Amino acid sequence: HFLINFLKNYKNQPKPSLRILMVGWVFSGKSAAGNTILRSEVFHLGERTMKALKQSGEVAGREVVVVDTPGWWKFFPASFIPEVLKSEILEGVSLCSPSPNVILLVVPFDTSFTDEQKRVTEDNMKLFGQRVWRHVILLFTFGDALGNKTIEQHIESEGKPLRGLIEKCGKRYHVLDNMSKAGDQVTELLEKMEEMVAGNCCFYFSERDDPQPEEKKRTKEVDKQAEELRLQTQQQRQRLRRLLIGQLNLFS
């Protein structure tokens, strides 16, 4: 009975809201990925996104906000992006009020990821400041193009540029097949987001790479709270695992 009650309480605990900012190059599948995550055709497909757009819904018991943003050109650095589009990308940050706690950097499978793509991607991500990478998950779209390959085989075959970007993202990545209606791929992505958010402070946008003393103090305090939350979550999962193992041993 104790295990049953524990599982009920664990299941009924409110899950944290997720505020997701979608970024990436033009026609990378950001809008389609947003539809897949929200399980609804809320973002228009087939045309280039020119304005930041916010949509939301409840997904697997969580409140999820997704903000789609204009993409950058795959072969050109940030200096080639018109100021009006840069403003719209930053407007996406504001639409994730009070702040985005997840940034999905979208990379499609149907394009080889070269040193040039890595440089362009990192250059455009500077728009969000140097501290942005702790909040980034690399999202591979067009997952159906994998065929019989695993994601690990694909990453290995792409070589150093893609592996370097994944390292920059803290080795956080996920594959999304926008053609599939399987709900588990979205649930797994949300769980990866929650794990990252639990170990992070909130995203704080600043054009300064070197934060001011007030910002450092605020970040340190929030980091401490986030670490405490992460440890609590980890301890709760370990406790649940021990209980399940104990129950299984009773019947063995």
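Q: Is E88 buried or exposed?
A: In this predicted model, E88 counts as buried, because its relative accessibility is 15% and buried means under 20%.

Q: Which residue forms a salt bridge with E88?
A: The partner is K51, and the closest N and O atoms of the pair are 3.8 Å apart. K51 is exposed, with a relative accessible area of 57%.

Q: Where do K51 and E88 lie in the chain?
A: K51 is in the loop between α2 and β2, whereas E88 belongs to helix α3. The two are 37 residues apart, so the pair links distant parts of the chain.

Q: Why can such side chains pair?
A: Side chains of opposite charge can do so when their charged atoms come close.

Q: How many salt bridges are there?
A: The count comes to 6. One of them joins E122 and K118, with 2.7 Å between the closest N and O atoms. Both of these residues lie in helix α4, 4 residues apart, about one turn of the helix, and both are buried.

Q: Changing topic, which residues have the most contacts inside the largest nonpolar core?
A: They are L105, M125, L138 and F140, in a core of 31 residues. Strands β4 and β5 and helix α4 are among the elements that each supply at least two residues of this core.

Q: What does L138 touch?
A: Leaving aside residues up to four places away in sequence, its contacts include L105, V107, L162 and Y173.

Q: And the second largest pocket, how many residues line it?
A: The lining has 29 residues: 9 nonpolar, 14 polar and 6 charged. Helix α2 gives the largest share, 5 residues.

Note on methods: Residues numbered from 1 in each chain as written. Predicted model: local features only at pLDDT ≥ 70, side-chain atom pairs only at ≥ 80, totals over all residues. Heavy atoms only, no water. 1 Å grid on protein atoms, 1.4 Å probe; cavity = no way out; pocket = protein on both sides within 12 Å on 5 of 7 lines; lining within 4 Å. Nonpolar A, V, L, I, M, F, W, Y, C, P; charged D, E, K, R; others polar. Core = buried A, V, L, I, M, F, W, Y, C linked by side-chain atoms within 4.5 Å. Buried < 20%, exposed > 50% of the residue type's maximum accessible area, 1.4 Å probe, protein only. Contact = heavy atoms within 4.5 Å. Salt bridge = Lys/Arg side-chain N within 4 Å of Asp/Glu carboxyl O.
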